[in-house]
Amino acid sequence: DEPAPASSQYSLKDTKHFALIIANWQYNDPDWQDLNNPLNDAMAFKTELETYYGFEVRLCTNLTKEAMEGEIIALHKRPLGPNSQVLFYFAGHGGYQQLGTNSGTGYLVTVDGKSQRIDSTMSSYYSYDVLKARLLTLPSQHVLSMIDACYSGSADPSVFNKNDSGTKDDIAPSGTEVKRGTVTAQMNECMLKRSRYFICSGKLE
């Protein structure tokens, strides 16, 4: 395949790569058990992004709901530019509220999140609806959110459709020859399109 014209090729020149990593593992309410893995996972991920992918990384630990909202709002004030790539990563507890047979709302639990026995409306948690509203409106070309928490799949409404196994990309049959330049052209085409993706550690568990 012929390479795409220079004007239609995505360039990493002057592109900002920024990651906000939040690791919550020490919770104020005894009903939320402290966690062992979030800090180690977050630090390892930070090192990986900085060493191999050129990301500027902000690592925050044990945030309250107010502090977490502040960090996410601050993303909008950073001089990222339209070609920038933003990665949001959260590791900690998650919550979920069933609203109907095929509907519900998921939450990230910050360190000041109260027991569900006390906070039946989950007002002390950070909802996925708010998170998505904040991240989807970033001016960046690409935004990737990675959530390592229980009930993280509730960020995607399709999870409530028990007959929906998820979106599947078209896959070429085994043995299909890939022409020289095809992969590069496809990657360039993808990079030119704005993208917003969530990667979650589970569904409703």
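Helices α2 and α3 cross in a left-handed sense, meaning that the near helix is turned anticlockwise from the far one by less than a right angle. The model is predicted, and local features need pLDDT of at least 70, side-chain atom pairs count only at pLDDT 80 or more, and totals for chains, interfaces and linings use all residues. Residues are numbered from 1 along each chain as its sequence is written, and side-chain values use heavy atoms, without hydrogens and water.

Helix α2 covers residues 65-75 and helix α3 residues 128-136. Their axes come within 9 Å and cross at roughly 20°. The two helices are therefore roughly parallel (an angle under 35 degrees). Glu69, Ile72, Ile73 and Leu75 of α2 meet Val130, Leu131, Arg134 and Leu135 of α3, with contact meaning heavy atoms within 4.5 Å. Of these residues, 6 are nonpolar, none polar and 2 charged.

Now turn to the second largest pocket. Its volume is about 360 Å³. The lining has 17 residues, and Leu49, Phe55, Gln85, Leu87 and Leu144 lie nearest the centre (lining residues have an atom within 4 Å of a point on a 1 Å grid, where a pocket is an open set that fits a 1.4 Å probe, with protein on both sides within 12 Å along at least five of seven lines). Two or more residues each come from α1 (38-53), β3 (85-91), β7 (142-148) and β8 (195-200). Helix α1 gives the most, with 4 residues. The lining divides into 12 nonpolar, 4 polar and 1 charged.

Terms used: Axes are lines fitted to C-alpha atoms, for helices over the stretch in contact, and angles run from 0 to 180 degrees between N-to-C directions. Angles under 35 degrees count as roughly parallel, over 145 as roughly antiparallel, 65 to 115 as roughly perpendicular and the rest as oblique. Ala, Val, Leu, Ile, Met, Phe, Trp, Tyr, Cys and Pro count as nonpolar, Asp, Glu, Lys and Arg as charged, and the others, Gly among them, as polar. Grid points are joined across faces, edges and corners, and a volume is the space filled by probe spheres set on the points.
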